[in-house]
Amino acid sequence: MKRTGMVIIAIFIISVVCMMTACQAESTDRNSTNNNTKGSIEESFTTVTPVTTEAPTVPELPSETDYEITKSELMELIWWEDELADVGKVIYPGFELDCEIKDGEYYRVFRSKEKEGIEIWEKVYEPERGFPISRGQLILRNSEVSKECSIDLCIGNRYDKNTFSRDEKKLFLKDLTNDGQEELVINIPYKDMGIHENYLYVFDSESFEQIALPDREKLRNRIESELEAVEMKTSKDEGMLDVDITIGGKTYEAHTDLFEQWKAEDMRYGVVGDYGYGGFGAGDSGAYYRAGIYIYHKDYDYSVNNRNIAIEIPLAYNPELNAFEAVEGEYIINDLR
């Protein structure tokens with residue numbers, strides 16, 4: 001009986017051990033299976049090559065301060081070839097044309113060949129973009145003085161040759177005050193760059209102090225008030241009109257062309273001042289103010305065939321006022337016959 005009980009206990013212990021061994025083996029197999037699956041999954045991820053897309057390269061745009069230009073390139077850009085040759089001798093007589101780049105700014109430079117040390121620097125905007133223009137900002141320089149000033153219009157060209165005077169002095173030295181000392185004269189013709197009146201600037205060439213000009217409206221009113229008669233008659237010359245102008249007690253015989261279909265009896269006249277024709281100027285006779293007798297057809301007031309006969313008032317320098325004044329009672333009539 002004892003023996004039977006011991007056998008039963010032994011069998012029970014063996015069964016328990018077998019069951020534990022089987023469970024452990026199953027657990028090991030399960031873990032092994034899991035590990036193998038995990039490894040297989042990991043392998044599937046690591047063996048696949050990812051697809052990558054490179055971002056397009058965007059070039060950096062240069063800032064305005066990054067632009068560079070050589071002096072020779074700048075000369076070609078801001079001066080036209082004929083300005084550097086024959087035209088420059090007419091409109092900038094006595095000046096050598098040059099350029100400078102200073103502190104990142106671009107300048108047209110006019111250097112006097114007649115009076116040592118005198119230079120005019122004209123600031124030019126955006127030449128590196130192929131569109132060089134001036135807004136009338138100047139630096140006047142000599143050996144002792146450097147003075148900034150602003151004028152209404154630029155001296156040098158802009159960008160359109162068709163609106164650029166090529167036959168009238170724009171920058172020169174001339175004794176307009178009759179004191180034996182040449183002044184610096186900047187003359188912007190009325191036909192230049194589409195403007196409608198002459199602009200004149202006169203500076204002392206040593207101190208660069210500007211010499212004042214009289215009130216242009218008063219000068220125009222003077223011409224109109226002293227104009228006594230304008231008689232128009234057909235000329236013996238075909239296509240011409242004879243005009244007798246009586247002003248300030250004196251009669252001047254003028255001569256102008258006439259549109260071939262018009263007759264003298266159909267013509268009228270008026271006085272035009274700055275706009276469209278006149279303004280201040282400087283020539284061989286000195287400084288002057290110019291207006292005009294406007295000749296027009298009674299039925300075609302705004303025709304392109306209308307004409308002007310220039311009337312100029314000479315100006316004299318008053319040293320006490322450092323200004324020009326109109327010469328009383330004197331007129332210069334253009335187009336005399």
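Q: Which backbone nitrogen lies 3.0 Å from a polar atom of the side chain of Ser134?
A: This model is predicted, and in it the backbone nitrogen of Gly136 is the atom that lies 3.0 Å from a polar atom of the Ser134 side chain.

Q: Is Ser134 buried or exposed?
A: The relative accessible area of Ser134 is 9%, and buried means under 20%, so Ser134 counts as buried.

Q: Which residues is Ser134 in contact with, leaving aside its neighbours within four places in sequence?
A: With those neighbours set aside, Ser134 is in contact with Arg108, Glu122, Lys123 and Cys154. For one of these, Glu122, there is also a polar contact of 3.0 Å between its side chain and that of Ser134.

Q: With which side chain does that of Arg108 meet in a salt bridge?
A: A salt bridge can be read in steps, taking the partners, then their places in the chain, then their accessibility. The side chain of Arg108 meets that of Glu122, at 3.5 Å from N to O. This pair links distant parts of the chain, with Arg108 in strand S2 and Glu122 in strand S3, 14 residues apart. Arg108 is buried, with a relative accessible area of 0%, and Glu122 is buried as well, with a relative accessible area of 0%.

Q: Which side chain meets that of Lys123 in a salt bridge?
A: The partner of Lys123 is Glu105, at 3.6 Å from N to O, and here too distant parts of the chain are linked, because Lys123 belongs to strand S3 and Glu105 to strand S2, 18 residues apart. Lys123 counts as buried at 16% relative accessibility, whereas Glu105 is partly exposed, with a relative accessible area of 30%.

Q: How do S2 and S3 pair, and over how many bridges?
A: Strand S2 (residues 105-112) and strand S3 (residues 119-124) pair in the antiparallel sense, over six bridges. For a position to look at in the structure, take Phe110, which stands opposite Ile120 in S3.

Q: How many residues lie between S4 and S5 in their hairpin?
A: Four residues lie between S4 and S5 in the hairpin that they form. Strand S4 (residues 137-141) pairs with strand S5 (residues 146-150) in the antiparallel sense over five bridges, and Leu140 stands opposite Lys147 in S5.

Q: How many salt bridges does a search of the whole structure find?
A: The search finds 13 salt bridges. Some residues are joined in a network, and Lys71, Asp98, Glu100, Arg111 and Glu119 are linked by salt bridges in this way. Another salt bridge joins the side chains of Arg307 and Asp257, at 2.8 Å from N to O. That pair links distant parts of the chain, with Arg307 in strand S16 (residues 307-318) and Asp257 in strand S12 (residues 250-257), 50 residues apart. Arg307 is partly exposed, with a relative accessible area of 24%, and Asp257 is also partly exposed, at 32%.

Q: Where in the protein is confidence lowest, and where is it highest?
A: Where pLDDT is low, the predicted coordinates should not be read in detail. The protein averages a pLDDT of 81, and 78% of the residues score at least 70. Confidence is lowest in helix H1 (residues 2-46), at a mean of 46, and highest in strand S9 (residues 210-211), at 98. Over residues 1-11 the pLDDT is below 50, and this stretch has zero contacts in the model beyond near neighbours in sequence. Over residues 22-66 the pLDDT is likewise below 50, and that stretch has one contact beyond near neighbours in sequence.

How values were computed. Residues are numbered from 1 along each chain as its sequence is written. This is a predicted model: local features need pLDDT of at least 70, side-chain atom pairs count only at pLDDT 80 or more; totals for chains, interfaces and linings use all residues. Side-chain values use heavy atoms; hydrogens and water are left out. Two strands pair if DSSP finds at least two bridges between them. Helices (H or I, at least four residues) and strands (E, at least two) are DSSP runs, numbered from the N terminus. pLDDT is the predictor's confidence in each residue, from 0 to 100. Contact means heavy atoms within 4.5 Å. A salt bridge is a side-chain nitrogen of Lys or Arg within 4 Å of a carboxyl oxygen of Asp or Glu. Buried means under 20% relative accessible area, exposed over 50%, partly exposed in between (1.4 Å probe, protein chains only). A polar contact is a pair of N or O atoms within 3.5 Å; within protein, one must be able to donate a hydrogen and the other to accept it, and residues adjacent in sequence count only if both atoms are side-chain atoms.
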